[in-house]
Amino acid sequence: MTRGRAVLALALLGILAFAGYRGWQAWELTQPGFHARDCWFPTGITGGARCGFLVVKENRSDPESRTIRLPVVVFEAQSHVPRKEPILYLTGGPGASAYLAERHQIQGWWQERRLFPQGHDLIVMGQRGTGLEEPDFGCDAFGTPEVGLLAYNLGTPPPDIHALTIKAVTDCAAQLTEDGVDLTAYNSRESAADVAELREALGIEEWTLYGISYGTRLALSTLRYHPEGVRAVVLDSVFPPESTQTVDLAKHFDAALQRVFDDCAATPACRERYGDLRTAYAAAGAWLEASPPSYTLREIFGPVEAEFAVGTRRYRYRPDDDADWIDQAILFDKPTLDELLFDALYSSDARLGIPRLLQQTAQRGTTVLRERFRDYLLYTISYSVHAAVYLSHVCHDEAPFESPEQIAAAVAAAGSQGHLIDRAWTSYLCDHWPAGEADPIENTPVASAVPALLLAGERDPITPPALAQSAAAHLTNGRAYALAGVSHGVLYESLCAQLLLARFLETLRPPSRSHCSASDFVDLPRRREGP
């Protein structure tokens, strides 16, 4: 899941303009079903692979709905091992790219399949609206530094984030609607129907669903509406439909941040070098609230040439360039600090840099702050979340179930971190995005007897272990495991999680914790029985 104003960097900044597949969009594929095609990449880089497009109705409730197409790649299991059921990989976001357009992305998938046991075909489908398919969800309104970076001209007031994004969202919705896009058709229920149609179209009797982050929500929606043929589900960094994404945003962030503070306090070398991190965080925040500095992109990047994305546009920075946007300023305020911390908490490696960042910022130094922001921008060139698809999902599936009163109370309770909620898109943009509203069932837990493995990272700032436990309570053959020291994307960070996955797929029973070290786990609170 993306979050808060960070969506401006992870959704607005992170949309890649894929040039390599434009020729494929000329194909006239309108008949529903799977259409096999030669792969648009050299299969020698992946081993066996099959490719094609799944054509589906954009809006299944509309008899006159047009069709759209979704790219599909089947990375085939090695032939020397016994074949097992396929695994469908469900990406996050919502609105995250499936990374199927370019050669290096395909190579990345071939590496990622090593996270899964041998013998399983790994199937990747681009979810509707997320790349290498029709329609194109790129909006020029999201492609400016003013909107994507909140950049502004020195000597003028800093931008009003609400006004900027409302204007961009209104313009984008008008553009897409004029282009014939049905914005009410991009949500979890329609995507779950895409999953079911793909299984039938490929002639697969049974498969396992692996979902990561938002992909867990899609896997659960598939269990709710289309359980046929689902042998098992693996939910990694669980986001169940009953959770309150926006209301709990600051609470989850602060809990993960506090664990970093506690770790440092419990480690003599860290404590002696950096002191009390909670105090440093408060001091840094107070300074940035009172007199936030501004830096131009020229100052942030310095002599380093770089390329990064803003909306649907790519920008190439050169120190000697005289483009106006290079000398636009970015305000380094308290929300900027929290966004950088939130981003760092997503990764166990990046989390290690938090003590140094807080110590220097508390001392009113900005070298590390600027370095971290520069790295943050560079990351956006490789991470792609389509803002329009994200909006359609959250405004349809989430916003209807979080009232303005709940949002206001959560902002007040969060104190200096309230901006994480106040600037979350579900807090103020959904009135301007015609996505429709989900049926109330979308705000209820999913009950199922399908075998389920739920993986949670102890340090996850967006989908903490409590959410996995909440989902597991309604999955009679499911069990949640919280992995110590791990953040978002458990399978990527934990060898123990990979061992648990292998055992689970073999037996379809909750794997024993004895497959790992006892120190790999943290205990989840016991569920209360009865009222």
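1. Let's begin with a term: a disulfide here is a pair of cysteine sulfur atoms within 2.5 Å. By that rule the structure holds five disulfides. Counting bonded cysteines along the chain, they follow the pattern 1-2, 3-4, 5-6, 7-8, 9-10.

2. A word on the source: this is a predicted model, in which local features need pLDDT of at least 70, side-chain atom pairs count only at pLDDT 80 or more, and totals for chains, interfaces and linings use all residues. Residues are numbered from 1 along each chain as its sequence is written, and side-chain values use heavy atoms, with hydrogens and water left out.

3. Now to the sheet, where helices (H or I, at least four residues) and strands (E, at least two) are DSSP runs numbered from the N terminus, and two strands pair if DSSP finds at least two bridges between them. Ten strands form an open sheet with mixed pairing, in the order β1-β2-β3-β5-β4-β6-β7-β12-β13-β14. The edges are β1 (33-37) and β14 (521-522); each has a single partner strand, so one side of each has no neighbour in the sheet.

4. Helix α2 (residues 103-112) packs on this sheet, touching β3 (67-75), β4 (87-90) and β5 (122-125); contact means heavy atoms within 4.5 Å. The direction of α2 makes about 50 degrees with that of β3. Axes are lines fitted to C-alpha atoms, for helices over the stretch in contact, and angles run from 0 to 180 degrees between N-to-C directions.

5. Do have a look at β12 (residues 452-457) and β13 (residues 478-483), which pair in the parallel sense over six bridges. Leu455 stands opposite Tyr481 in β13. Lying across β12 and β13 is helix α19 (residues 465-472), which runs at about 165 degrees to β12.

6. Back to the cysteines: Cys39 is joined to Cys51 with an S to S distance of 1.9 Å. The torsion about their S-S bond is about 95 degrees, so this disulfide is right-handed. Cys39 lies in the loop between β1 and β2 (49-57) and Cys51 in strand β2, so the pair ties together parts twelve residues apart in sequence. Both Cys39 and Cys51 are buried (buried means under 20% relative accessible area, exposed over 50%, partly exposed in between, with a 1.4 Å probe and protein chains only).

7. Cys395 and Cys430 are also joined, S to S 2.1 Å. Here the torsion is about -80 degrees, so the disulfide is left-handed. The pair links distant parts of the chain, 35 residues apart: Cys395 in helix α15 (residues 387-397) and Cys430 in the loop between α18 (425-428) and β12.
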